[in-house]
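Work through the exercises below with the sequence and the model open. Each task is followed by a solution in steps.

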Amino acid sequence: MAAKDQVVPYGKQSISEDDIAAVVEVLRSPLITQGPVTEAFENAFAELCGAKHAVACANGTAALHLAMMAARIGQGDRVVTTPNTFLASANSAAYVGATPDFADIDEVTYCLCPDSLEDNWKPDTKAVVAVDFAGQPAEMPRIAEVAHSKGAVVIEDACHAVGGRFEWQGEEFRVGGHPWADMTTFSFHPVKTLTAGEGGMVVTDSDEYAERVRMLRSHGMVRDPRQFTHFNTHGFPVNEPHAWHLYEMQDLGYNFRMSDIHAALGLSQLGRLPEFIKRRQEIVSRYNSELNGIDNLILPDLGEWLRDGSHRLSWHLYAVQFDFEKMGTSRAEVLKGLKERWAIACQSHYLPVHLQPWYVNQFGYGKGKCPNGERFGAQCISLPLYTSMSDDDVSRVIEGVSSLFN
Ligand SMILES: *Cc1c(COP(=O)(O)O)cnc(C)c1O
């Protein structure tokens, strides 16, 4: 067993010598910001998803923000997401002046519940952000059915689910490449399954959305003289051979670009993704079988709609629920015990976003709005899960967690 003075964290990156060499190669090249390596990363990522377009950007939050802008979500619009997510899934709606709102989670999958989405639908709801919590795809066919029937845009926040595949009604679908999301967003933060240091991606089959995301990630500028509108009418020599140095700003965008330094790491890691997913699946299988059957400990499970198929899910988190009340303890005690006695550092994903102070103050949201999300948020602990975790590390977590119930 690994020395207990080495803390097992809940997640961390895995960087190989080849990853490092790929970054160094860019550093020695003339172009280090967004350039050919970013484009190569985008092309490889689109292929991974089986999607027409992948547009790289600065981080997963920027990807969500750009998706909102591409879909022209703004003031007067409502955007519904899940309380069981990272802040950014909801904040992205607020960035564009829309009202972030929440429907409850499914009790089994901890993802957005399609029934709750439908029951809480309001006429001004213009977009839904469905999150693939822990790596399990949200129930996209039903979520899309509800949203699309009302004319709303579906954005899938797949920051936890890179490279995932699932079977539904006998057919295999890929995260980022199925027909139920209008845009799918990813993050390459170091705790995620695949890292670029920082980075994000918007994946879509829509030419229009892809073009808008490309323009908006770089100040709303277009550089192709054929796309120029205003200057054409003002006597500027846009159609002359030297027009290449001109640009036109057609919308208010941001600097949300990815650099080639980051893209080189992301592209190199993409080659290792099958190995990452396989190792995470092995660890999840051990947790599933060796922590099974403990009273007051609820393990993650697949939704009904996924139970019949065979899947290759890309697990980002292993989130269990403790019934602290029945155990006569608290989450703080459990986390402290695991840390001090077993050198295991766990986390909780997530405290319900609608109960964050800013959301309470700004929108008046409170307890009781999403009961399933609130119960889960009060009981969840994410056990360590990362590619470089050794079998001994996994054993230590299983032993440490089991000891809490003896
Ligand atoms: C990590 C994460 C984000 C934000 O990604 P960043 O790259 O950190 O900006 C958004 N949504 C979910 C579900 C995430 O896990």
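**Exercise 1: a hairpin**

W168 stands opposite E171 in β7. The model is a predicted one, in which local features need pLDDT of at least 70 and side-chain atom pairs count only at pLDDT 80 or more, while totals for chains, interfaces and linings use all residues. Residues are numbered from 1 along each chain as its sequence is written, and side-chain values use heavy atoms, with hydrogens and water left out.

Task: state in which sense β6 and β7 pair, and over how many bridges.

Solution.
1. Strands are DSSP runs (E, at least two residues), and helices are runs of H or I with at least four residues, numbered from the N terminus.
2. Two strands pair if DSSP finds at least two bridges between them.
3. For β6 (residues 165-168) and β7 (residues 171-174), the pairing is antiparallel, with 4 bridges.
4. The hairpin has 2 residues between its strands, and Q169 takes a positive phi near 50°.

**Exercise 2: salt bridges**

Task: find which parts of the chain the D207 and K52 pair ties together, then treat E107 and R375 likewise.

Solution.
1. A salt bridge is a side-chain nitrogen of Lys or Arg within 4 Å of a carboxyl oxygen of Asp or Glu. The structure holds 21 of them.
2. D207 and K52 meet at 2.9 Å, N to O. D207 belongs to helix α7 (residues 207-216) and K52 to the loop between α2 (36-49) and β1 (53-57), so the pair links parts 155 residues apart in sequence.
3. Burial is read from relative accessible area: buried is under 20%, exposed over 50%, partly exposed in between (1.4 Å probe, protein chains only). D207 is partly exposed at 43%, and K52 is exposed at 52%.
4. The E107 to R375 salt bridge spans 3.2 Å, N to O. E107 sits in the loop between β3 (99-102) and α5 (114-119) and R375 in helix α13 (residues 371-379), so this pair joins parts 268 residues apart in sequence.
5. E107 is exposed at 52%, and R375 is partly exposed at 42%.

**Exercise 3: R272 and helix α13**

Task: is R272 buried or exposed, and what do the buried residues of α13 pack against?

Solution.
1. R272 forms a salt bridge with E275 (3.7 Å, N to O). R272 is buried, at 13% relative accessibility, whereas E275 is partly exposed at 42%.
2. In α13, the buried residues include N372, F376 and Q379.
3. The buried residues of α13 pack against β13 (318-322), α10 (324-327), α11 (331-342) and β14 (380-383), where contact means heavy atoms within 4.5 Å.
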